[in-house]
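Colleague: Before I build on this model I would like to go through some of its labels with you and ask what each of them rests on. Could we take them one at a time?

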Amino acid sequence: MEAEQTAYHQQLHIHEALRVDAAPMEKLAAPADIPLLAGKEALLTIADTWNLVPHVTKSSDLPHQMGSAGPMDTHIYPLLKGISAEGREVAAPVVLWEQTKGPFVGGRWLFVHLPLTAAFWNGSGAEALKEWAAFCAKGVTELWIKPNYASYEPGERAMLTLQTQRIGHGTGSGDGAWKFSVSLEHEAGQASWKHRFEADVTEELNIHRISVPLEIQSGFYHIVCQAQAPDGETRILRQGFWGFDAKLLAAGTPVSCGRDYFVKDGRPLPVVGMTYMTSDVARKFLFLPNAAVWDRDMAQMKKAGINWIRTGIWTAYRNIMQVDGHASEEVLRSIDAFLLTAKKHDLQITFTFFSFTPEPWEGLNPYLDPRSVEAQKRFVRSIVSRHKDTKHVDWDLINEPSMFDPPQIFSDGPRSCRDPFELAAYREWLKQRHGLIDVLQERWNMSPVQLPDFEAAVPPEPEEINFNVQDMHQGKKGTRWLDYALFSMEMHNRWAKQLYDAIKDVCPDHMVVVGQDEALGAQRPSPFFYAEASDYTTVHSWWLNDHLVWDGIFAKTPDKPNLVQETGIMYVETPDGRAKRSETELRSILERKYAYAFSTGGAGAVHWIWNTNFYMDNANESHIGALRADGTEKPEADVSYDFGRFMEEIRDLFQGRKLEEVAVVFPYSNDFSNRKLAFDATTRLTRMLSYELKVPFRGVGEYHLNSLAEVPAKLIILPSAHNIDSEAFAKLIAIVRATGATLLVTGPLGLDAYWQPEERLKDAVGSYRPANVRREEMLELDGRLLPISFGQRRIAEVAKEVRTDEAAEAKADKLIDVPLGSGRLLWCPLPVELNERAEPLAMLYQHALTVAGFRAELEWLRGGRFPGVYGRKLAFQDGALFVFVSEFAFDTDVEVKDPVTGRRYSFVLEKERSVLFAVDREGRLKSVYRPKEVHIQVTGE
């Protein structure tokens, strides 16, 4: 017998088969739309079943666009569903795949993922098998019913289209005409209409236009088409459309931003969100709209506790506005209908206009060519102008932007288009930043021959930069990369502000945002920079599962909410090509991502995505979603149900959050340089503070320090920055002097943004000089000698500084502790975050916390010694939210004490799971996340 493998079923475009647990299923039910198993449910017995993961789309409609969809060759229908005690559809033990195009065209594949027990064979199972075989042998008959628009103005009349075609070489459904019965009904019962007719269904496409003799009224219309073949096979097709309802869209007030959280109708709105682009046609939903599907799905999402939907346009922009300034009325009406459906279910909508890079239309640079930007503004305004009075929508300018060249998205840093507009903008930006050409020559290490004037400056290509310490063969000029990265940040903001203003001119009370991925550390537009052009910030926590706290903290600006706007789990495989994680493990990872979203001061989380999108040439997409390709809910959907219930119960708590007493400066000059160390330094710091020491902190950017003066921190950490902007450093020191903060600086103190030595704070710390680190260093702290180790290539990558007045016989570098105005400076000349050892880093941070007068928000009585156990308290004006997350392999008994109220809380933190609970001002328990599974014992005062 061969080993289990994916090779055979992948030839059938089934990428993987994942086990589905039978435990949630209470009964089996056959849907009415294709009633092949209706009345036969008792033949089959509940048992573990399977989720077939399709990879049926093998090409792209628009190969030059990363977000492009592909052909819809396969249509998947659940014929038997497992229903939970709560009425949720949690499994599909019997599934039909119909192949309308592609290599298996005409095929009807029926999968029964349950063992055939005695109940099957002792019943009418044999007859059922014969019926099912005959059903599959007939081949595919493709039926569509569509309105010509998804939304109509009141007084208009609808036109319906029925499309029919028999596909492939099956036996067919018998000769003769099919019978069709079409009914139309207004949601309020105000108008109804029925139409019956017969039509031949042949191997050629047949189109039947049906005029509806009713004047459309405001509201939603349901369309049901019952189809019966000559041999008795039946199907039900469902569609819908809207009569435009301006009153519905204008009801309520727009969602607005507080400092940390969103506000809806005067109350905080913690976001439990979902990305949605429809379950039937995925990213083509604006071109093939089905408002009945949207209505069904949104009702299900609302029931799941979801309060926010992210959607929009990921591809095919020219299909919407082929000619600059002339958008498709058909698509615009689809957007109208989508927003109306969401409003019906009280769901906030974030609508995204572009993805990765904006459509350039006929321009040369999508961000800087005025022709491109003006076309983009016309595109955007053609949509938003229809919704200036709509109250439940905000606008996302672009999903995960990269600068500048469209074919090179997701590069590690900007990539030039080499067009005249970028060249001119870059040279003008350099003049404004540096003033004199000789200043720029020094900073770029170029001679007057190499850089005679600003007009000689060109955007660098990455191969011209010495990013690696071993890239020394050609004498590359690497420090100019910092300028190009900073330039790209400002050009992104310039572009975003133009579209922002174009929207605000029409919809001044609508929020506008940029939806960015884990760009921090990748030199793409970063939240601390683009916050000036956005009403709130975002992060998409996908790949960096070991850095989820870091993701959230360094995307949260001091004065605007941060939304984890896209999160989920990427598919990973074993070396032999099988799924590495189970559905249950995926659920737990997603739950942790939601918990971290709130624990880092975020406004909430949006799951990617509701329904699996298998209409892309990307097997990874076929694995992602709260719903399987067969339409049933994965365990991942539990996260929405559980967080939705919990956050709705405690939503009024999210007011007046107390800020963290510790702040960490993200060293952008280093991160944007040709020798990046910032990612390693700040992620190491985050792991140490958050997990080992249980100390929460907030983030600030090197170029965005004002908040530290407005809301001072007790301890500020600048971790192993090496090179830092001189003006930013001076501002940081001034803040320390004025606010009384303690500043801990690790690593070199005297390197400017371009890695040039600069004596700083000489009056406070004395003279010092740069030096190389050795493999083994030593730090003296409180009379103790702590070994510091720099392994691998760190001795070449990092540096330290040595005080010139230290005795030659010194046995260790010392921590310098000096006053700065009303504050203090702690300077560790060694870049300790970049060393291999954890103990000296922990002791250094603990020392700094003590000096700064830090007060722990929790006392850990049990469970705190495990580094895989995370926990913190978020204090609000009327209570607190406690968040605990396990990245540990075993269940852990946890007990903590709140030093403010004196109450103790004890519970079991299951491995890989999250525990959250809310308390009032006196520490009394108000609500528990997953109350049926988690018990919180409260003791004390």
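Colleague: Which residues is Leu830 in contact with, leaving aside its neighbours within four places in sequence?

Modeller: Contact here means heavy atoms within 4.5 Å, and with those neighbours left aside Leu830 is in contact with Thr746, Gly747, Val773, Glu777, Met778, Leu779, Ile788, Phe790, Lys800 and Asp813. Leu830 itself is placed in the loop between β36 (823-828) and α23 (839-852), where helices (H or I, at least four residues) and strands (E, at least two) are DSSP runs numbered from the N terminus. As for provenance, this is a predicted model, in which local features need pLDDT of at least 70 and side-chain atom pairs count only at pLDDT 80 or more, while totals for chains, interfaces and linings use all residues. Residues are numbered from 1 along each chain as its sequence is written, and side-chain values use heavy atoms, with hydrogens and water left out.

Colleague: Why does Leu830 count as buried?

Modeller: Buried means under 20% relative accessible area, exposed means over 50%, and partly exposed lies in between, with a 1.4 Å probe and protein chains only; Leu830 has 0% relative accessibility and therefore counts as buried.

Colleague: On the matter of phi, what is the value for His13, and is His13 buried or exposed?

Modeller: The phi of His13 is positive, about 65°, although His13 is not a glycine; His13 is found in the loop between α1 (7-10) and β1 (14-20), and because its relative accessibility is 13%, His13 counts as buried. Ser720, a residue other than glycine, has a positive phi near 45°, and with a relative accessible area of 0% Ser720 is therefore buried.

Colleague: How do you know that Arg872 and Glu660 form a salt bridge?

Modeller: A salt bridge is a side-chain nitrogen of Lys or Arg within 4 Å of a carboxyl oxygen of Asp or Glu, and for Arg872 and Glu660 the closest N and O atoms are 2.9 Å apart, so the pair meets the criterion. The pair links distant parts of the chain, 212 residues apart, with Arg872 in strand β38 (residues 869-876) and Glu660 in the loop between α16 (637-650) and β26 (662-666). Arg872 counts as buried because its relative accessibility is 4%, and Glu660 is buried, with a relative accessible area of 5%. Salt bridges that share partners join Arg259, Asp260, Lys556, Arg657, Glu660, Glu857 and Arg872 into one network.

Colleague: How many salt bridges does the structure hold, and what is the distance between the closest N and O atoms of Glu455 and Lys431?

Modeller: The structure holds 78 salt bridges, and in the one between Glu455 and Lys431 the closest N and O atoms are 3.4 Å apart. Glu455 counts as partly exposed because its relative accessibility is 44%, and Lys431 is partly exposed as well, with a relative accessible area of 32%. In the salt bridge of Asp517 with Arg524 the closest N and O atoms are 2.5 Å apart, and both Asp517 and Arg524 are buried.

Colleague: Last, what makes β8 (151-152) and β11 (192-200) edge strands?

Modeller: Two strands pair if DSSP finds at least two bridges between them, and five strands form an open sheet of mixed pairing in the order β8-β14-β13-β10-β11. The strands β8 and β11 are the edges, each pairing on one side only. Two bridges join β8 to β14 (residues 234-243), and these strands run parallel, whereas β10 (residues 177-186) and β11 pair in the antiparallel sense over nine bridges.
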